[in-house]
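Look at the model first, then read on.

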Amino acid sequence: MIQYLKDKWYLILAAVILVAVFIVVQNIMKKRKIKREQYEQRLKDQVLSEALKNSRTSKNVFVTGTQAAPLDIENVPGRTEGARGGKIVVQLAVSGEKTELYVVKPEEHVLLGSAPGMNKIVLPATNVAQQQCDVFLHHEYVYVKNLNLNFPMALRRKKQQAPVGEKGIRIVTGDVMLIGPYQVQVTLMDYEGNIV
């Protein structure tokens, strides 16, 4: 038996290496899962605290006629839409000179445009209309429509791109609105911070 082991030492070494690689891969996957869970919890906590803060203050993104303030959170790749009970908030990651993130309630019509006093999210640029588009909730789905056809905008979903007109186009997590020099990444979430 000992002679057999001496003759087949390379098989034993291969088995030990295989077990070591398996253990390392398991540890890496466990760490990634923990990081993802921590990130999702942090995102849920931030969305919830922002919703609570916004509902208690007079200067917030949920009060009609006020401008949204960017949130300091990361963007998360999304899934398909379907929040429980129609309670949806929209995270908009606006990429231009810098990236700013906003969490807004679409049932209150979120206006985007270049005029500071007229929009919840201001996109300062000469090729963006004063009120460029409206993000809104209709029958538990989120839509976007162009408010000024003299300033074209488009919606990119995966590899397809379509112009946005006066009729609303349904938006889902992962869509990108192209408004002048800006790209606006869409993430739909429920009030608990779950991506939908």
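## Basis

Two strands pair if DSSP finds at least two bridges between them. Helices (H or I, at least four residues) and strands (E, at least two) are DSSP runs, numbered from the N terminus.

This is a predicted model: local features need pLDDT of at least 70, side-chain atom pairs count only at pLDDT 80 or more, and totals for chains, interfaces and linings use all residues. Residues are numbered from 1 along each chain as its sequence is written, and side-chain values use heavy atoms, with hydrogens and water left out.

## The open sheet

Five strands make up an open sheet with mixed pairing, in the order β4-β3-β5-β6-β9. Its edge strands are β4 (121-122) and β9, and each pairs on one side only.

Strand β5 (residues 133-138) runs antiparallel to strand β6 (residues 141-146), with six bridges. Two residues separate the strands in this hairpin, and His139 there takes a positive phi near 50°. β6 also pairs with strand β9 (residues 169-170), again in the antiparallel sense, over two bridges. In that pairing, Val144 stands opposite Ile169.

## The aromatic pair

Which residue of β6 stands opposite Phe136? It is Tyr143. Both Phe136 and Tyr143 are buried (under 20% relative accessible area; exposed is over 50%, partly exposed in between; 1.4 Å probe, protein chains only).

The whole structure holds one aromatic pair. Rings of Phe, Tyr and Trp (its six-membered ring) pair if their centres lie within 6.5 Å; planes under 30 degrees apart count as stacked, over 60 as edge-to-face and the rest as tilted. Phe136 and Tyr143 form a stacked pair, 5.8 Å centre to centre with 20° between the planes.

## Nonpolar cores

A nonpolar core is a set of buried Ala, Val, Leu, Ile, Met, Phe, Trp, Tyr and Cys residues joined through side-chain atoms within 4.5 Å. The largest has 26 residues; Leu92, Leu112, Met177 and Ile179 touch the most other members. Strands that each supply at least two of its residues include β1 (88-95), β3 (110-113), β10 (176-179) and β11 (182-190). Apart from this core lies another, of six residues, among them Tyr39, Leu43, Val89 and Ile195.
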